[in-house]
Amino acid sequence: MQERELVKLPDGGTCGLEWDGGLPKEDRLLTKPVLVICPGLGGGSQNLYSLALLWKARKAGFQVVTILFRGAEGLPITVPKLSYSGSWEDAQTCIEFIDKKYIRDPDT
């Protein structure tokens, strides 16, 4: 089961986080290390290389989350800007969002 969470970007754009196993509980400490998958050109979480990485990471004990970049897999397009290879700031914003909202233990 995967559950999607939307992340509002500083310019008003929207990215998504696809959590494997559902959204983490905000009031609970994540006990597993978190692996963030940033898919390539297709931008989705259902391509074979992302799924293969997810399955291996899950088996190794990671909490896996995939960043869905602007316009990917049905995300709303909220500003006139789509994702491209130079959109590293979007990934940084998503990782900071995860860290601030869900990471309580710096070793996770």
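Is Asp 11 buried, exposed or partly exposed? Asp 11 is partly exposed, with a relative accessible area of 40% (buried means under 20%, exposed over 50%, and partly exposed in between, with a 1.4 Å probe and protein chains only). This is a predicted model, in which local features need pLDDT of at least 70 and side-chain atom pairs count only at pLDDT 80 or more, while totals for chains, interfaces and linings use all residues. Residues are numbered from 1 along each chain as its sequence is written, and side-chain values use heavy atoms, with hydrogens and water left out.

**Salt bridges overall**
- The count comes to 6 salt bridges, each a side-chain nitrogen of Lys or Arg within 4 Å of a carboxyl oxygen of Asp or Glu.

**Around Arg 70**
- Asp 11 and Arg 70 meet in a salt bridge, at 3.0 Å from N to O.
- Asp 11 sits in the loop between β1 and β2 and Arg 70 in the loop between β4 (63-68) and α2 (88-102), so this pair ties together parts 59 residues apart in sequence (helices, H or I of at least four residues, and strands, E of at least two, are DSSP runs numbered from the N terminus).
- Arg 70 also forms a salt bridge with Asp 90, with the closest N and O atoms 2.6 Å apart.
- Asp 90 belongs to helix α2, so its pairing with Arg 70 in the loop joins parts 20 residues apart in sequence.
- Arg 70 and Asp 90 are both buried, Arg 70 having a relative accessible area of 7%.

**Around Arg 4**
- A salt bridge joins Arg 4 to Glu 18, their closest N and O atoms being 3.0 Å apart.
- Arg 4 is in strand β1 (residues 2-8) and Glu 18 in strand β2 (residues 14-20), 14 residues apart.
- Arg 4 is partly exposed at 34% relative accessible area, whereas Glu 18 is buried at 9%.
- A network of salt bridges links Arg 4, Glu 18 and Glu 73.
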